[in-house]
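Have a look at the picture before reading on.

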Amino acid sequence: MPFSPRDDAFMRAALVLARRGLGRVWPNPAVGCVIVGDGRVVGRGWTRPGGRPHAETVALEQAGEAARGATAYVTLEPCSHHGKTPPCAEALVQAGVARVVTAMQDPDPRVSGEGHARLSDAGISVETGLCAKEAEAVNAGFLTGIREGRPLVTLKFATTLDGRIATHRGDSRWITDEAARACAHLLRAEADAILVGSGTVLADDPLLTCRLAGLEDRSPVRVVMDSRLAVPLTSALVRTAGEVPTWLYTLKDAPDERAAVLRDCGVEVVELAADRAGRPRLDALLADLGRRGITRLLVEGGARLSATFLRERLVDRIEWFRAPSVLGGDGLPAAEAFGVDELADLARFRRVDVRSVGVDLLESYVETS
């Protein structure tokens, strides 16, 4: 039986709710739930910070007795396993809902199909697949973690029209305008973690926090790749490590005394094996982030770090801010050379969105295999 326009509208409302959890619910997925009884919304919920309570629990609590006989629209299959919270499928059964519409099945092997089965066994009508592509986009990080054991990687650029991030002297503030910089902070708010290289820390001394009014508590975990432990103890990242989680990835032979001092400052130092260039292996770094529950990684590093991610085919998405200006060939490129000899070796992406952000342009791309 096809879904009705009302079904579509309620599921899209649930997807809007789900996005509220991005950057705050890892390692859990960001889920939204809308409960409709007698043609009106009686309960709404989204996954809360830290991953609990789940969206269904919040919506059911709001609906109360009105949930009996109602329809629940959920952006992901309700969980069926006992973890730190009771299973949401059981909560829906106990509440007496008559119908559950989900956007997609949960690929987590602890759930996959079991949540739907539990609902069906209880006599609840279960329908799935409504707005599936949109739900997959919202939870692309969670899905990447389940399927590949690493976070979704989004590379952010802010460049001139000809792809330059700074003058040949390193002057980069500000290529894009204020509206674009605010939009970039929103990207930070929706990320679990943000990554830069030590070169960016030395050059810019960034805070890497979300500084949008009202979203200051949405700052992601700050991650630095630093082969030689060159990040200064006086840097903004180290000085504020006690306020915002800060993880530094270095090599296994890093100086013990320097690492100890950084740890005393509140920085978590993680040692990894080296790649052929003598830097921490990116695949190992991403795997470690995945084990820690990070599902969405925003890369704001410089040209060298960007090139390394592109060379190793570890970029899933690109958010590219372009200013209406041209710097010329002596400006610093967005990505250093990374060894492309043939056009067949290009890192290829598909543009999925273009929009104006103040005077600048934001282009969104996804990787094409």
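Predicted model: local features only at pLDDT ≥ 70, side-chain atom pairs only at ≥ 80, totals over all residues.

The chain contains 12 helices and 16 strands. Its radius of gyration is 22 Å, close to the 21 Å given by the globule rule for 369 residues, so the chain is as compact as a globular protein of that length. The C-alpha trace spans about 65 × 45 × 40 Å along its principal axes.

How much of the chain is buried? Of the 369 residues, 53% count as buried. Among contacts with a separation of 6 or more, 72% are between residues 24 or more positions apart. The chain exposes about 17,200 Å², and carbon and sulfur atoms supply 50% of that area. As for charge, there are 46 positive and 50 negative charges, and their mean positions are 1 Å apart.

| Peptide bond | Omega | Loop holding the proline |
|---|---|---|
| W26 to P27 | near 10 degrees | between α1 (5-19) and β1 (32-37) |
| R52 to P53 | about -5 degrees | between β2 (40-46) and α2 (55-63) |

Positive phi values deserve a look too. D38, which is not a glycine, has a phi of about 55 degrees. D38 sits in the loop between β1 and β2, and with 82% relative accessibility it counts as exposed. R313, also a residue other than glycine, has a positive phi near 55 degrees. The loop between α12 (303-311) and β13 (317-322) holds R313.

Key. Residues numbered from 1 in each chain as written. Heavy atoms only, no water. Helix = DSSP H or I, 4+ residues; strand = E, 2+ residues; numbered from the N terminus. Rg over C-alpha atoms; globule rule 2.2 N^0.38 Å. Buried < 20%, exposed > 50% of the residue type's maximum accessible area, 1.4 Å probe, protein only. Contact = heavy atoms within 4.5 Å. Areas by Shrake-Rupley, 256 points an atom, 1.4 Å probe, with all protein chains shown as cover. Lys, Arg positive; Asp, Glu negative; His and termini not counted. Charge placed at Lys NZ, Arg CZ, Asp CG, Glu CD.
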